[in-house]
Amino acid sequence: MSKISAHLPSSITPFSVISQIARRIRIVPLVVLLISTVPAWFLTEAIAHKVVRAYTARVDLAIDRLPDENYETILTRGEAAARAAAQRSFDQDILVTDVSIIVSVQNYGSIAPVLTLEVTRPQWRSRPDAQSWATYFKTARSLLFFENNSNPVPAASGVSTPK
């Protein structure tokens with residue numbers, strides 16, 4: 001048996017009114033959330049410690065020996081190049097706190113480091129002189145065949161001489 005009943009209007013509010021109320025209920029927390037995040041962000045930025053990211057700039061320089069150039073002249077050129085590279089590194093990036101520069105020289109196929117320059121920003125600011133902060137390699141002269149003889153070019157090892 002089935003019972004047929006007529007649909008009577010109920011006392012429940014219509015769905016359109018409920019959806020409007022629900023929309024307002026959802027908007028109010030959203031507005032409160034958006035308005036409160038900006039002051040909270042400013043507060044955390046004002047209170048929180050700032051993270052400073054500092055680093056060391058590393059530069060490798062290679063210098064070729066010019067004709068009729070002695071070892072002291074190459075050292076002078078290397079110091080000038082290291083000084084310019086250090087100044088450029090500090091000028092280009094404000095976050096650089098230390099500079100480490102290696103100057104290598106090439107002489108007839110031989111390559112050897114002749115000096116390193118390691119300096120901090122405060123040291124460089126107080127004394128921007130490459131000679132003050134440079135470390136020189138003592139064996140570079142012999143590795144680059146700058147002996148005190150008249151022939152600075154090393155003898156070729158593959159050439160045999162008649163006996």
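## Ground rules and confidence

Because the model is predicted, local features need pLDDT of at least 70 and side-chain atom pairs count only at pLDDT 80 or more, while totals for chains, interfaces and linings use all residues. Numbering starts from 1 along each chain as its sequence is written, and side-chain values use heavy atoms, with hydrogens and water left out.

The average pLDDT (the predictor's confidence in each residue, from 0 to 100) is 80 for the protein chain, and 72% of the residues score at least 70. Residues 149-163 stay under 50, and the model gives that stretch five contacts beyond four places in sequence; contact here means heavy atoms within 4.5 Å. Where pLDDT is low, the predicted coordinates should not be read in detail.

## Overall layout

The protein chain has five helices and four strands, running α-β-α-β-β-α-α-β-α from the N terminus on. These are DSSP runs numbered from the N terminus: helices are H or I with at least four residues, strands are E with at least two.

Of the 163 residues in the protein chain, 23% are buried (buried is under 20% relative accessible area, exposed is over 50%, partly exposed is in between, with a 1.4 Å probe and protein chains only). The accessible surface comes to about 12,700 Å², and carbon and sulfur atoms hold 61% of that. Areas come from the Shrake-Rupley method with a 1.4 Å probe; for residues, only the protein chains shown count as cover. Among contacts with a separation of 6 or more, 56% are between residues 24 or more positions apart.

Rings of Phe, Tyr and Trp (its six-membered ring) pair if their centres lie within 6.5 Å; planes under 30 degrees apart are stacked, over 60 edge-to-face, and the rest tilted. That rule gives two aromatic pairs. W41 and F42 make a tilted one, with 5.0 Å centre to centre and 55° between the planes. F42 belongs to helix 1 (residues 15-47), and W41 is partly exposed at 49% relative accessibility.

Y71 is buried at 6% relative accessible area, and F146 is buried at 7%.

## Salt bridges

Side chains of opposite charge can pair when their charged atoms come close. With a salt bridge taken as a side-chain nitrogen of Lys or Arg within 4 Å of a carboxyl oxygen of Asp or Glu, the whole structure has two.

R77 bridges to E69, with the closest N and O atoms 2.8 Å apart. R77 is partly exposed at 29%, whereas E69 is buried at 5%. R141 and E72 meet at 2.7 Å, N to O. Since R141 lies in helix 5 and E72 in helix 2, the pair ties together parts that are 69 residues apart in sequence. R141 is partly exposed at 28%, and so is E72 at 42%.

## Two buried spots

N107, in strand 2 (residues 96-107), is buried at 1% relative accessibility. Leaving aside neighbours within four places in sequence, N107 is in contact with R65, L144, F145 and F146.

A130, in helix 4 (residues 130-133), is buried at 4%. Not counting residues up to four places away in sequence, A130 touches E79, R83, L117 and W124.

## Positive phi angles

Most residues other than glycine have a negative phi. D68 has a positive phi near 60°; D68 is in the loop between strand 1 (55-64) and helix 2 and is exposed at 81%. F145 also has a positive phi, of about 60°. F145 lies in the segment after helix 5 and is partly exposed at 33%.
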